[in-house]
Amino acid sequence: GDSVTQMEGPVTLSEEAFLTINCTYTATGYPSLFWYVQYPGEGLQLLLKATKADDKGSNKGFEATYRKETTSFHLEKGSVQVSDSAVYFCALSAGSNYKLTFGKGTLLTVNP
Amino acid sequence: NAGVTQTPKFQVLKTGQSMTLQCAQDMNHNSMYWYRQDPGMGLRLIYYSASEGTTDKGEVPNGYNVSRLNKREFSLRLESAAPSQTSVYFCATRGETSYEQYFGPGTRLTVT
């Protein structure tokens with residue numbers, strides 16, 4: 001079945017540091033890939049997405065590129081802020097029912 | 001325009017009690033989903049509904065029932081709560097032309 005494996009946390013960075021959270025996937029067919037973010041006490045929000053190979057999703061300074069050859073969708077940001085502290089989930093959607101399969105989440109804490 | 005709302009926000013039950021978690025959306029979406037979030041497990045799909053009057057099991061349906069009352073509302077019922085059902089429950093919706101799911105704020109349920 002479909003699965004998503006993402007970097008285990010927690011990840012702790014200083015403000016303005018470079019962020020990478022690794023994500024790899026296993027899926028039949030050609031999935032769409034997503035990063036969701038969950039701020040403390042809130043539900044999940046879509047951060048960015050990519051629907052086909054070599055697409056780059058970007059939002060709020062975050063980027064991720066759909067790499068079919070390595071089945072990866074790593075999340076990056078050049079300079080993190082304290083306000084980026086949250087849990088980040090990598091997810092895929094494949095098949096006609098559009099169900100999402102999530103990774104386990106990575107807790108990011110950014111210190112001033 | 002409230003998006004996706006969930007009630008209650010918090011609930012404590014004793015083992016064997018029953019309750020219904022409510023979800024409503026004003027986004028005019030056909031598809032709705034129930035997930036549970038547990039530490040280190042990411043989000044797992046309990047049930048989903050592709051349209052009014054239809055429901056299907058997800059990854060972890062045991063111990064739950066759902067009702068798609070109308071296009072707006074999708075409820076999740078625990079008939080006899082167990083401590084293993086202590087979790088945070090999220091409802092989500094999806095529009096027809098997008099893979100993106102929109103999440104409610106969640107219900108934190110504790111079963112003692």
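Is S31(B) buried or exposed? The close-ups below start there, on a model that is predicted.

**View 1. S31(B) and the residues around it in chain B.** S31(B) counts as buried, because its relative accessibility is 3% and the cut-off for buried is under 20%. You'll find the residue in strand β4 of chain B. Skip the neighbours within four places in sequence, and S31(B) is in contact with S49(B) and A50(B), plus A92(B), T93(B), R94(B) and E96(B).

**View 2. Y30(A), sitting in a loop of chain A.** Y30(A) belongs to the loop between β4 (23–26) and β5 (32–38) of chain A. Its relative accessible area is 67%, so Y30(A) is exposed; the cut-off for that label is over 50%. Once neighbours within four places in sequence are set aside, Y30(A) is in contact with Y66(A) and K68(A). Have a look at K52(A) too: 22 residues separate Y30(A) and K52(A) in sequence, yet their C-alpha atoms are 7.4 Å apart in space.

**View 3. The largest pocket, with a volume of about 590 Å³.** Closest to the centre of this pocket, out of 29 lining residues, are Q38(A), Q37(B), V88(B), F90(B) and R108(B). Chain A's β10 (86–93) and β12 (106–111) each give two or more residues to the lining, and so do β4 (31–38), β9 (87–94) and β11 (107–111) of chain B. Which element gives the largest share of the lining? That's β11(B), with four residues. Sorted by class, the lining of the largest pocket has twelve nonpolar, twelve polar and five charged residues.

**View 4. The second largest pocket, with about 360 Å³ of space.** This pocket has 18 lining residues. Which of them lie nearest its centre? They are D2(A), L100(A), T101(A) and F102(A) from chain A, along with E59(B) from chain B. On the chain A side, β1 (3–6), β10 and β11 (100–102) each supply at least two residues of the lining, as does β5 (42–49) of chain B. By class, the lining of the second largest pocket divides into eight nonpolar, five polar and five charged residues.

Notes. Residues numbered from 1 in each chain as written. Chains lettered and ligands numbered in written order. Predicted model: local features only at pLDDT ≥ 70, side-chain atom pairs only at ≥ 80, totals over all residues. Heavy atoms only, no water. 1 Å grid on protein atoms, 1.4 Å probe; cavity = no way out; pocket = protein on both sides within 12 Å on 5 of 7 lines; lining within 4 Å. Points joined across faces, edges and corners; volume = space filled by probe spheres on them. Nonpolar A, V, L, I, M, F, W, Y, C, P; charged D, E, K, R; others polar. Buried < 20%, exposed > 50% of the residue type's maximum accessible area, 1.4 Å probe, protein only. Contact = heavy atoms within 4.5 Å.
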